Amino acid sequence: MSAKIRNYIIAGLICLFSFLLIHSVQVIYSNVLLGVGIEKNTEGQYVISEISASEEGYKQNLRLGDIIVQVNGVDVELADKVVRYNVLAQVQSVDIIRTSNEGNSIHMHVNIKNEYSLYHKFTQLVVPGVTLLFLMILSLFLYRKRAGERSAELLILFFLMVSVTYFAGYASSRSDLIGRITLSCMLPLIPVVFIHFLQVYLKRFNIQFISTFLLKLYYGLVILLSILTTFSLVIYSWDRSLYSFMRLFVIGFFVVGILYSIFKLLSLYINNRKSAFKSMFKIMLTGHVLAFTPFVLFSAVPIVFGVSLIPFEVTTIFLFLMPVTYFYLLTAKQLFDIDFAFNRFKYYLLIAFLPALMIVAVLAIIQSRQEYDWIKWVQMFLVVYLSITAFLFFKEKIDYYFRPRLFRELYHYQGSLERFSKQISKVMKRSDLEAALYKEINEILPVNRSAFFEIDEDLSNLAQIVDNSEQEINIQFVSISPVLKVGEVVQLQQGIALVIGRHKKKFHLLWIDHKKNHTKFNTDELNWLNTIANYASIVYENLYLIEGLIEDLEAEMKKDQHAAPWVLRLIFNLSENERRKLAADLHDSALQDQLIWLRRLETLISDHVIPNEILPELLQIKEGLLDVIHQIRETCNELRPPLLRETGIVKALEILFEYAQLQSNYIITFKSSPIGALSEDLVIALYRIVQELLRNAGKHAKANQIEIELDQQEQLYFRYKDDGVGMNILDIKESFQHMGLSGIKERVASLEGECLFNSEKGKGLEVIIYLPTTAFAEGKNRGGDDDDTYLVG
């Protein structure tokens, strides 16, 4: 079809629809809907056979049983619309004969006032007008978004036909010929156009809704039915029973078309319930059910039982959910998560049932009491208000106890968080963290692609990234200048970005593609992602701290001068921790094993008769085991002196001196003033310094007399003096033989103290140490780059 012919057709349809709309509005506005039905009695008279007290005809002084004589000043037999359609419509005056209570016949002339009630104005003019305006806006928006797309054009045609048919229905109820022809032609055509739209729309997903032959056959039957119905309306000589028969066919075609589309959608949903199209078909079915269920359950079915729950004019409003549904499907890039919405809706329906029942019961009791109306209104307000307050108060407990039992995905997300927290507690590298994060997200969320990337704070320098399948990704933010915060989700043109860390002026983000079923991320998924991101951000920060610490340590080690005190203190603390662990391992494993074998050997010797030639060997083995046990104990004590913190530094040194004098030839003279409480680091450092000095005195100095003093004033004063061979002080730094003394200087430096060595060849060694007893270097290196309080606590 050429563009010129296509434009002519579009212009013709617009003109036709415009004419039908204007004509229908004019008929509706000019003629009040009386709601009066008539029939011919056995005497050939036309009698009012149907009227309700709520109808306009009753308000115009027409009553059931009145005999119609003239309509608009002419005999009723000549009033074509009255005779043909058995309703009073488009009338200005009516002449009737009414039988009084006494049995007398009264001739009456009734002028029909064309005055609408507020309810009829709203339902017959406002609601159709708002519907028309709404569908026109949707059509214009759809035309701009999807211009030239066949499915969009069919949906626009569907919108226009629904709008015209809505007005034509009210014009038809007023016995307007054009309105009845429009209604009879368009009503069965609406489901065909809708099925045609579904056929074209689903074709893009390689899904066939209906065969082309069946679609053409359906179009042909509807066109034939429209022609026959039009003839039955136009040709007067035809019996009106033919029109009634054709009207049943029109309604039947409409109902069959709607039911067929629902049946096909249901079958497609069943066939695709495990595919990515599950959500799309579920939204389609939901739109149909919500559109037709109120109309059927609350208007059509109750009428069968003689009850009117909700008027047709109200329930027909829900029918517009169907065009809105397909407008959303055609224009949305991502669908909302219908399964998530359904689960939440079912849960709220369940927990709201009992409170609603209780409120209605109490309100019924209030209504039955004989009290003033205003008192009842106050009572009802208090009941509703307090009931809602109580329900909201207890809803937290209801959510806690019942919601996890009804929605298993809560356990799903909770289990994921527990598993992920255990995994990241063991990671030591960023690559391991990213691998754990990538694995967890792909296990929980139905996504195919994801990738990590970095970006500057000013959102610049975004390098081209690739996903896990090595495909390039073009990152484009939806917002021009989005605010990036750790743990939050940022919307992208394709997928989302999860901010998982920040270091210096760079953000670390995880790109996550759209879900496989093309639905948006629901609230639970977004909350789970936010929590996962916060977990990951904490680990990121720790990993950066470790990397920064390693870099600082490497930089300090490369310096020519001594390392910073916090570096030395960290190294010594790590060393002491390792000594403590090694001592515990030796004591709990090797030492205990040796004791077990010693006991078994003693039991063997005492409980059995041992040959004389073997007994000496066993006794020798026993002595060897005792020596090994003693060595292990000595090693454990060396690695971690027992009760060092409990006994204090003075007592610990006295025990050390007693043991050292037993092992060596020198004599130790120890003087100490009362020493207050010292920090554990200071006690351990001083104890290690003394150990090293005694070891040096025995191995290198060949000393006989050793003097040690310990005093505490503003600082801790320590003095060591021996009568050994002495040394050249300059050799301490250069010679490996004096690495122990050099280590003493490092320990003192780590505590930010002062250390002096005095020695000459043949004149012994003197060491004087001053150590601060308060927190190390209080007032120094606080808050700067050398502040290590976060490391050593």
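## Helices α1 and α6

In this predicted model, helix α1 and helix α6 (residues 177-186) pack at an angle of about 130°, with their axes 10 Å apart. Helices are DSSP runs of H or I with at least four residues, strands are runs of E with at least two, and both are numbered from the N terminus. Axes are lines fitted to C-alpha atoms, for helices over the stretch in contact, and angles run from 0 to 180 degrees between N-to-C directions. The two helices are therefore oblique to each other; angles under 35 degrees count as roughly parallel, over 145 as roughly antiparallel, 65 to 115 as roughly perpendicular and the rest as oblique.

The crossing of α1 and α6 is left-handed, a term used if the near helix is turned anticlockwise from the far one by less than a right angle, with right-handed used if clockwise. From α1, the contact (heavy atoms within 4.5 Å) involves F17, F19, L20 and H23, and from α6 it involves I178, T182 and M186. By class, this contact has five nonpolar, two polar and no charged residues. Ala, Val, Leu, Ile, Met, Phe, Trp, Tyr, Cys and Pro count as nonpolar, Asp, Glu, Lys and Arg as charged, and the others, Gly among them, as polar.

## Basis of the model

Residues are numbered from 1 along each chain as its sequence is written, and side-chain values use heavy atoms, with hydrogens and water left out. Because this is a predicted model, local features need pLDDT of at least 70 and side-chain atom pairs count only at pLDDT 80 or more, while totals for chains, interfaces and linings use all residues.

## Helix α7 and its partners

Helix α7 (residues 189-203) packs with helix α8 (residues 212-234) at an angle of about 160°, with axes 10 Å apart. The pair is therefore roughly antiparallel, and the crossing is left-handed. In α7, L189, P191, V192, V193, I195 and H196 meet L215, Y218, Y219 and V222 of α8. This contact has nine nonpolar, one polar and no charged residues.

Helix α5 also packs with α7 at an angle of about 160°, here with axes 9 Å apart. These helices are therefore roughly antiparallel to each other, and α5 passes α7 in a left-handed crossing. Residues of α5, including L154, F158 and M161, meet residues of α7, among them I190, F194 and F197. The contact of α5 with α7 divides into 13 nonpolar, three polar and one charged.

## The second largest pocket

The second largest pocket holds about 840 Å³ of space. Of its 22 lining residues, I10, L13, E153, I156 and L157 are the closest to the centre. The elements that give two or more residues to this lining are α1 (3-30), α4 (118-145) and α5 (150-172), and α1 gives the most, with eight residues. The lining residues divide into 16 nonpolar, three polar and three charged.

On a 1 Å grid over the protein atoms alone, a cavity is a set of points where a 1.4 Å probe fits but cannot get out, and a pocket is an open set with protein on both sides within 12 Å along at least five of seven lines; lining residues have an atom within 4 Å of a point. Grid points are joined across faces, edges and corners, and a volume is the space filled by probe spheres set on the points.
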